[in-house]
Amino acid sequence: MVHRTVQGGHRRHLRRAGAGDGALVTLPPLETLPTTAEFYDYKAKRNPAGHRYRCPAQLPGAALATISRAAVRAHQLLNCSGYSRSDFLVTPVGEVHWLEINTLPGLSTHGNLATMAAAAGISYDRLIATILATVHTDGYRP
């Protein structure tokens, strides 16, 4: 796999999640801000003091719309079921780069998905119930 280098100043690492028990709903984007390094790397990720989250992320409207469309489209094109999380980089000029989709993001009470759901006014219990309800609508797919 070959990746183009994203140039230019501070890049924003963002996550956008979707979940639904019928219609896919996107959750507010979460921005990961490194606190102990210049960029969000493995060391910053694993050290609780190495980063902080901002949710919802403060983004220009065009970047937010692009991220929302891309997250939903990736979920649909890859035939995901239940929930997924797409990761993005946004450059200082608002250029959006989709990085990857995580079809099984962590479900801890303090994880990314729970943080985004809370920002949308969705309790952790309701989030889990919504995810579990997709088993009835989508069925089991190995």
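**Exercise 1.** Is E31 buried or exposed, judged by its relative accessibility?

*Solution.* We are working with a predicted model. Start with the value for E31, a relative accessibility of 1%. Next, recall the cut-off: buried means under 20% relative accessible area. E31 therefore counts as buried.

**Exercise 2.** Find the salt-bridge partner of E31 and work out which parts of the chain the pair ties together.

*Solution.* Finally, check the cover on R54: its relative accessibility is 24%, which makes R54 partly exposed.

**Exercise 3.** How many salt bridges does the structure hold? Describe the one made by R85.

*Solution.* The count is 2 salt bridges. In the one made by R85, the side chain of R85 meets that of D87, with 2.8 Å from N to O. Now take the accessibilities in turn: R85 has a relative accessible area of 9% and is buried. D87, at 2% relative accessibility, counts as buried.

**Exercise 4.** Which residues make the nonpolar surface patch of about 330 Å²? Locate W98 and classify its accessibility.

*Solution.* The patch is made by L77, L78 and W98. Turning to W98, you will find this residue in strand β6 (residues 96-102). Its relative accessibility is 40%, so W98 counts as partly exposed.

How values were computed: Residues are numbered from 1 along each chain as its sequence is written. This is a predicted model: local features need pLDDT of at least 70, side-chain atom pairs count only at pLDDT 80 or more; totals for chains, interfaces and linings use all residues. Side-chain values use heavy atoms; hydrogens and water are left out. A salt bridge is a side-chain nitrogen of Lys or Arg within 4 Å of a carboxyl oxygen of Asp or Glu. Helices (H or I, at least four residues) and strands (E, at least two) are DSSP runs, numbered from the N terminus. Buried means under 20% relative accessible area, exposed over 50%, partly exposed in between (1.4 Å probe, protein chains only). Patches are made of residues with over 30% relative accessible area and no salt bridge: like charges are joined within 9 Å, nonpolar side chains (Val, Leu, Ile, Met, Phe, Trp, Tyr) within 5 Å. Accessible areas come from the Shrake-Rupley method with a 1.4 Å probe; for residues, only the protein chains shown count as cover.
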